[in-house]
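Trainee: I would like to go through this model and learn how to read its features. Please give the general idea each time, then the case at hand.

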Amino acid sequence: MKAEINFKSINKLAIPATVAGIAEPLLSITDTAIVGNIPVDGLESLAAAGIVGSFLSMLIWILGQTRSAISAIISQYLGAGRIEEVKTLPAQAIFLNIGLSILVLLSTIFIVEDIFKLLNATGKILQYCVSYYSIRVWGFPLTLFVFAVMGIFRGLQNTYYPMLIAIVGAVLNVVLDFIFVYGIEGVLEPMYLEGAAWASLLAQGVMAIIAFVLLITKTNINLRLQLPVHNELGRLVIMSLNLFVRALALNTALILAVREATELGPKYIGAHTIAVNIWLFSAFFIDGYAAAGNIMGGRLLGAKDYDGLWLLAKKILKYGLLVSVALVAAGFLFYKPIGLIFSKETVVLHAFYAVFFIVILGLPMNTVAFIFDGIFKGMGEMKYLRNTLLAATFLGFVPVLFFGIYMNWGLYGIWIAFTVWMAIRGGALVVKFIRKFRPLLKNP
């Protein structure tokens, strides 16, 4: 059956995917906003939450890549009318993913202090990093399980259930944050930063339970591990490894940025933490259309509908750019109030406001990169995505970052490096897509 490509069909996937996509950054952004207003050591707590959040995001993005790989394979088989042939693959992929996550968890939990020392955390900030991470890290396997289940649903062209999971997790996290961080008079003592960590962990646990129940009750997929190993598991592993390397390059940029911001001092890492969380939030907000491109792109490729794939790219790019322009307008309209949500520290806000305009102006360019990134993932073009990110990071971001350090640009240098990074990522994907699919069009 030929897939419909119109405003309704795209937004039926994109809008729920947007809500689902912002779940993880919303967990972090909630922690940042609440932690930044802690009455005791708020500045140090904010800095620690930013450093740990960046490191955890790195781990999740690196090992969470099977979500995109399994979504691509399932959607391609669905488009080719052969979905029954991959029924045993999801369980094998999930077990592989969770096994790796437990291995990483156990390998980091005993060297926590050394990890954050490498990120230039010292004194009270280092102490808070260790306590915060030691709680939040146990949610790592839970998050990866949820990601894998969301990938399965996406491959089946369903973003509604991932949205439900995300809404419950985000709302629960906000409620628990207020309870655990600030306490309840006469009932529960304030737990401050550790309270934020427990809130996130419990929210991730509930999301994992809901994901498990929905997968068992709403699909025909069996989570019982069955042998022999599916013949597509090898392709899934190769795709995941390419995305693994890509995620390493991506997080090299993010971690270097955190390291340099930390080196500048507490007020700067606080400002950078706020900027990064807003950047990630807007990225995942825009990423709803990238998810639609991922989901529909794989199905169209499986059906060999290249004209449909070309039309999909044009329509999704247009809708995504409209959203990004709205976000730009909102950013400038609420420039000062946005900062006040996260901190009342004058020194932090001054540093944040100085670079926030760079974050806002880069949103349309980010949209191009994210949307084509999603389409390429759906098509299984993981090798090219890997090479693009490696080039953008080590030929773009890193040289500009260190040039900015040499020139004493401070936070400006970090965010100019991010801008160059995204320009290379988006430009390379657009050129590749045009060169590959324009010649295949029946109606160019």
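**Reading the model**

Mentor: At 55% relative accessibility, leucine 361 counts as exposed. The terms are buried for under 20% relative accessible area, exposed for over 50%, and partly exposed in between, with a 1.4 Å probe and protein chains only. This is a predicted model, where local features need pLDDT of at least 70, side-chain atom pairs count only at pLDDT 80 or more, and totals for chains, interfaces and linings use all residues. Residues are numbered from 1 along each chain as its sequence is written, and side-chain values use heavy atoms, with hydrogens and water left out.

Trainee: Where does leucine 361 lie, and which residues make the nonpolar surface patch?

Mentor: Patches are made of residues with over 30% relative accessible area and no salt bridge; like charges are joined within 9 Å, and nonpolar side chains (Val, Leu, Ile, Met, Phe, Trp, Tyr) within 5 Å. Accessible areas come from the Shrake-Rupley method with a 1.4 Å probe, and for residues only the protein chains shown count as cover. Here Phe332, Phe357, Leu361, Tyr412 and Ile416 make a patch of about 450 Å². Two or more of its residues come from each of α15 (346-361) and α18 (411-437). Leucine 361 lies in α15.

Trainee: How many helices and strands are in the chain?

Mentor: Helices (H or I, at least four residues) and strands (E, at least two) are DSSP runs, numbered from the N terminus. The chain has 18 helices and 0 strands.

Trainee: How does the span of helix α11 compare with what its residues should give?

Mentor: The expected span is 1.5 Å times one less than the number of residues. Helix α11 (residues 233-264) has 32 residues and should span 46 Å; its end C-alpha atoms are 45 Å apart, which agrees. Just after α11, glycine 265 takes a positive phi of about 130 degrees.

Trainee: Which residues other than glycine have a positive phi?

Mentor: Most residues other than glycine have a negative phi. Among the exceptions, glutamine 157 has a phi of about 65 degrees, and asparagine 408 has one near 60 degrees. Glutamine 157 sits in the loop between α8 (140-155) and α9 (160-182), and at 18% relative accessibility it counts as buried. Asparagine 408 is in the loop between α17 (382-406) and α18; at 68% it counts as exposed.

Trainee: How many salt bridges does a search of the whole structure find?

Mentor: A salt bridge is a side-chain nitrogen of Lys or Arg within 4 Å of a carboxyl oxygen of Asp or Glu. The search finds 5. One of them joins arginine 246 and aspartate 373 (2.2 Å, N to O). This pair links distant parts of the chain, helix α11 and helix α16 (residues 363-378), 127 residues apart.

Trainee: What does lysine 436 meet in a salt bridge?

Mentor: Its partner is glutamate 381 (2.1 Å, N to O). Lysine 436 is in helix α18 and glutamate 381 in the loop between α16 and α17, 55 residues apart. Lysine 436 is partly exposed, at 35%, whereas glutamate 381 is buried, at 16%.
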